[in-house]
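Please read the following briefing alongside the sequence and the three-dimensional view.

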Amino acid sequence: MGSEAKSDEDTDNKGQVWFVNHKFDHLVDEEAERHSDANVKNRLSALLLMRFAFKSLGVVYGDLGTSPMYVFYNTFPDGIKDTEDVIDALSLIIYTLTIIPLIKYVLIVCRANDNGQGGTFALYSLLCRHAKLRTIPNQDRSDEELTTYSRSTFHERSHAAKTKRWLEKHSSSKIVLLVLVLVGSSMVIGDGILTPAISVLSAAGGVKLDYPKVDNKKAVVLVAVAILVVLFSVQHFGVDKVGWLFAPIVFVWFLLIGGIGIINIWKYDSCVLKAFSPVHMYWFFRKGHTWPSLGGIILCITGTEALFADVCQFPVQSIQIAFATVVYPCLLLAYTGQAAYLKKNPDHVHDVFYRSIPDIIYWPVFVVATAAAVVASQATISATFSLIKQAVALGCFPRVKVMHTSKKYSSQIYIPEINWILMILCVAVTAGFKNQHQIGNACGFAVVIVMLVTTLIMLLIMLLVWRCHWILVLIFTVLSLLVEGTYFSAMIFKIHRGG
């Protein structure tokens, strides 16, 4: 009996060893298979990333890309008194594009997405999972069992721990934080209403050069309204289909404005390249009469706030690739080319974009510009859908019907009620505003408010979520507030003009 029991035990041990060896061999086979397919998967993922980067041009960057049509006009609404002011303004445009969209948003803020969601509500939600700051009673105790909730502790004497204790202790700080989030999100939606008006009216200005008798109050507005109705009517097809429809238009648009910029630099005045020296920013501020021009220069980054809100539509890397390889260089070339043209033709500042186009390609560029102006609305429309969805989830907005337009990507949504409300408001603004400069002032004010709110919330995220060193947090905050605070001070003096 003992020998039989021993043999059974040996058999069991052998079986266990065989099972372990078999399991180990199976794991090795799986690992080998993963390594053998690694190159193929990497190639596929790279191609998919490029595909998303291309589509993001049509959804994310339309608003930012059409800014060259109206920036210099709004910067010098009373005309150019000294052509050196053009170079000083160009220098400020170059470094504003570098500091705010490129460094702040594309490289830093986009990394603060909440599980793929972007916008001020996403920042607030991310912050509330690392500190007890939420004042809205829509949270259940079981929520804290989720892995996305932070359970780590801070060092008692660290700046993060002191900040967290102070915020959690004072209920007024929680209320102020929520109000900031609501104001920031409202400004993004408000910009979504104003952007189509200024973009479409700017594009229509090309017709008036060859047909001066065109009545902007009638014919142009009717055409603009018709275009807006069509744009909002195709939204139910979803971002995926709309992105493939709009992306080629915006891609061609960026290539055209970049190419025209190169031609104008070579043809008119290559000396404008000295604007890349930051010394000219100093000269800009030293001249007191140029201070109101900041209200027009801020328009060069309008659409940046929608960029972050649209993060849920595409991977962050694809948005970064599109901006670094296409959007940023083409915008710099476009503004530099317009500055070169203005150096020789300062009287054409009110319609510099169309005046600077070579005659041989004028009408093709006009057609693409009109299409791009329409596409510019897509960034803010998609951003509005994302923000409303997040607001509903946080209990800050009434429940609405949210339709998913993609079987693969749950973040691609369409909200019918919001879509039609936006259309009505966009049409009302387009037909009601008769002065493009006033619309520009209103857009600039909305943009700078959103950016200030984002900076303040990012300060807390860098401390409490990312746990960055206080010196890095200080550098980010001071640099952002220095730029955005300067623009905000200029916009305050233009409130009576639409700002």
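This is a predicted model: local features need pLDDT of at least 70, side-chain atom pairs count only at pLDDT 80 or more; totals for chains, interfaces and linings use all residues.

Residues are numbered from 1 along each chain as its sequence is written, and side-chain values use heavy atoms, with hydrogens and water left out.

**Packing of two helices**

- Helix 16 covers residues 362-393 and helix 17 covers residues 416-432, and the two pack at an angle of about 130° with their axes 10 Å apart; axes here are lines fitted to C-alpha atoms over the stretch in contact, and angles run from 0 to 180 degrees between N-to-C directions.
- Thr384, Phe385 and Ile388 of helix 16 meet Ile418, Asn419 and Leu422 of helix 17 in this contact, where contact means heavy atoms within 4.5 Å.
- By class, four nonpolar and two polar residues make up the contact of helix 16 with helix 17, and no charged residues take part.

**Aromatic rings**

- The structure holds 16 aromatic pairs, a pair being rings of Phe, Tyr and Trp (its six-membered ring) with centres within 6.5 Å, called stacked if the planes are under 30 degrees apart, edge-to-face if over 60, and tilted for the rest.
- Phe54 and Phe251 form an edge-to-face pair, because their ring planes stand at 65°, with the ring centres 5.9 Å apart.
- Since Phe54 lies in helix 2 (residues 38-59) and Phe251 in helix 10 (residues 239-267), this pair ties together parts that are 197 residues apart in sequence.
- Phe54 is partly exposed at a relative accessible area of 25%, and Phe251 is partly exposed at 29%, where buried means under 20%, exposed over 50% and partly exposed in between (1.4 Å probe, protein chains only).
- Tyr362 and Trp363 are also an edge-to-face pair, with 5.2 Å from centre to centre and 90° between the planes.
- Tyr362 is buried, with a relative accessible area of 7%, whereas Trp363 is partly exposed at 36%.
- Tyr362 and Trp363 belong to one aromatic cluster that also includes Trp253, Phe353, Tyr354 and Phe366.

**A loop residue**

- Arg467 lies in the loop between helix 18 (436-464) and helix 19 (470-492), and its phi is near 55°, a positive value in a residue other than glycine.
- With 37% relative accessibility, Arg467 counts as partly exposed.

Definitions and conventions: Helices (H or I, at least four residues) and strands (E, at least two) are DSSP runs, numbered from the N terminus. Ala, Val, Leu, Ile, Met, Phe, Trp, Tyr, Cys and Pro count as nonpolar, Asp, Glu, Lys and Arg as charged, and the others, Gly among them, as polar.
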